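Please examine the structure shown below. The paragraphs that follow lead through selected side-chain arrangements.

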Amino acid sequence: MTLDHSRRAFATAFATAFATAFATAFATAFATAFAASSIFAGAAVAQGRGGPAGPPPVSGIGANGKLGAVVRDGMMQPVLEFADTTQLIRQSLWVETNFDSDRDGKLDRVHVQVARPGAAEKAGFKIPTLMLSSPYIGPTNADSPVWDVNQELGAPPPLRSVPAFRPFSDTMRLKSGPVQWIARGFAAVAVENAGTGLSTGCPTVGDSIENVTPKFAIDWLNGRAKGYTTLEGNVEVSAASWSNGKVGMTGTSYEGTMPLAAAVTGVKGLEAIIPISPNTSQYRYYRSYGLVRSPGGYIGEDVQALYDFVHSGRVREQCDKIWRDGIFNQADRASGDFNQFWADRDQTPLVKNIHAAVLFAHGFNDWNVMPDHTTRMWDALKTINSSAKIYMSQGGHGAPPPADIQAKWWAHYLYGVDNGVDTLPRAMIVQSNAVVAAPAAGSPGAGGRGQAPTPMPVFFADYPIPGAAPVKVYPAKGGSALGALDLSAAGKQGSEKLVDDFHISPAMMAVAASSPNRLLYALPALKDSIHLSGRTVVTLRLAASKPAVNLSVYLVTLPYDSARIGSAGQIGVVTRGWADPQNYKSLTGEGDYVSMAKGEPIKPGQFYTMTFPLQPDDQVIAPGQQLAIMILSSDNGFTLRPAPGSELTIDLDGTSFTLPVVGGSAKLKSALGMK
């Protein structure tokens, strides 16, 4: 987002929902005056984020003399009459909700922008809607301060300063919705989350209020909620003359969270969504298994900073009092424990309400909104929603599915086109060793500003890839330099120690021939490739010199490659994870972490056993590489940074690691040249 899921780069650009290649001139034209040439050029050349490049518009008037949509190759095509800006209709309205987040005694109203082809309404042709719901439609506050992470664990966090923010303006510039799809026969709707833009109320960051915000806009499109022409007036505006009630939503990061937010309400009319890099749990965004942990690239961010970043609404002092300085203090930055505050901001328990067709999309190298935000939702949804599919790539934050698949998704679920997208295998995985090939000229996805070619995915029945099986490996002493990983436990390995020092980065530790600050254990060099798909699970028997310590675990390849990849990632990092040893009683497996049990100080020198998973991954490890586990304490890119000197002792005989190997132990043994 902000900072958080969409981060500043996404928030400042066009509402990041449609990540393929938006034409800047087109967005500017909509925000100012909708110049006819821009709309027409957008329809013909670059349909924008998630909108495929395509041929010039054609007339939508059929042999029967009636205007309608045009379908070719299973996708909606640009239509001359829909692209005619002289007939473009823009509306601004406020939809009434059932909540009062600023507690002023009035139900909040959310501001909605509509842009639609007037030619469709004149012809009596009702159309579906593509909707963007976002806290980034109004201006954001780029100077939102973060927390100081240089503190001792368990201590009250240092005070966070709060600068003055820009005053509210009802003439603020608002970003538009997915207008690039208008020429293809869709209405474009943008919904400003409560407390942002021209909506009333307060930002509530991920709770039930935020979930239902887009629901009311969908209800209005279906005649179930009231919309008004002014903020406090009584003059109603209806969508009955042009909306067929079918809605699709997509977006990246925070704007990818909102399609799922609407879907978990079970709202009727939401037919299909494509959430890209969605934050599905604020706890998993700002914490990890009891530990205070920042999103990659945004060290020190927490919900208060995110609130300040997105708050562009009219009510500041009262909202700050209720939410930022009140309810959000329940986030408990001192402990990092899971509690009801975080449970209220977790979408996974609500997946049973989802009726929309869901196409998840996430990058395995997204260390901002990490991939388990999507995979845990996939695990919860796939058995109860047969239409759900998942696309996982090797990208970073904001890794969308191929443009043609997105276009076919909307055509099938919003226009009823029988294009086969619903019968595709359920999992689409871009392989880490795939050869990159640019799309053919003129095909959906060809071209696009700043868009690097992406390998095509391989189709599987599920993720993790069927055939992946857990293979347990065990450490052997020597980790201060390079200890071994073996497929069988040797026994009587004793213990090894590391000293915490946040000044030393994990990359520096991984390339060092030896280091007192980490323990490193590796398999022999591979003679053949192996394919990992799923979650690596860590079981550690650990003691510490202090009642509270950080614990970070990396799965890496050696020789370590520190070149950047994705979001706050390096090529040498296969995956990683973080946990708080104080929560050892709750760290008992790889299941979803929702324990309300509070962590307790550990006794210095006493050993504790804990089990937790690293982030999910899918990667082919090449011949000649070594797969290694690295254990450290503070991770200077993600965790709090206590004074150096804490000692962690690992009992090697009580420690093991489980790798998700496609083909299981037989494949790993073969790749290692073992009989």
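In this predicted model, the charged end of Arg-345 is placed over the ring of Phe-341, at 4.1 Å from the ring centre. Another such arrangement involves Arg-109, whose charged end sits over the ring of Tyr-228 at a distance of 3.9 Å from its centre.

Phe-341 also belongs to a cluster held together by ring pairs. Its members are Tyr-283, Tyr-289, Tyr-307, Trp-323, Phe-328, Phe-338, Phe-341, Trp-342, Tyr-593 and Phe-612. The ring under the charged end of Arg-345 is therefore itself a part of this cluster, since pairs with centres within 6.5 Å are what the linking rests on.

How are two aromatic rings described relative to each other? With centres required to lie within 6.5 Å, the count of aromatic pairs comes to 24. One of them joins Tyr-283 and Tyr-593: the ring centres are 6.3 Å apart and the planes meet at 25°, so the pair is stacked, given that planes under 30 degrees apart fall into that class. This pair connects distant parts of the chain, 310 residues apart. Tyr-283 lies in helix 8 (residues 282-286), whereas Tyr-593 is found in the loop between strand 26 (573-579) and strand 27 (608-613). Are these two residues buried or exposed? Tyr-283 has a relative accessible area of 3% and is buried; Tyr-593, at 6% relative accessibility, counts as buried too, because the limit for this class is under 20%.

A tilted pair is formed by Trp-409 and Tyr-413, with 4.8 Å from centre to centre and 55° between the planes. Both residues belong to helix 13 (residues 403-415), and because they are four residues apart there, about one helical turn separates them. Trp-409 is buried at a relative accessible area of 1%, and Tyr-413, with 17% relative accessibility, also counts as buried.

Gln-493 is located in the loop between strand 18 (483-486) and strand 19 (495-499). Its relative accessibility is 15%, so Gln-493 counts as buried. Which residues does Gln-493 touch, leaving aside those up to four places away in sequence? They are Pro-475, Ala-476, Lys-477, Leu-652 and Asp-653. For Lys-477 there is a further detail: its backbone nitrogen lies 2.9 Å from a polar atom of the Gln-493 side chain.

Note on methods:
Residues are numbered from 1 along each chain as its sequence is written. This is a predicted model: local features need pLDDT of at least 70, side-chain atom pairs count only at pLDDT 80 or more; totals for chains, interfaces and linings use all residues. Side-chain values use heavy atoms; hydrogens and water are left out. Helices (H or I, at least four residues) and strands (E, at least two) are DSSP runs, numbered from the N terminus. Buried means under 20% relative accessible area, exposed over 50%, partly exposed in between (1.4 Å probe, protein chains only). A polar contact is a pair of N or O atoms within 3.5 Å; within protein, one must be able to donate a hydrogen and the other to accept it, and residues adjacent in sequence count only if both atoms are side-chain atoms. Contact means heavy atoms within 4.5 Å. Rings of Phe, Tyr and Trp (its six-membered ring) pair if their centres lie within 6.5 Å; planes under 30 degrees apart count as stacked, over 60 as edge-to-face and the rest as tilted. A charge sits over a ring if NZ of Lys or CZ of Arg is within 6 Å of the ring centre and within 35 degrees of the ring normal.
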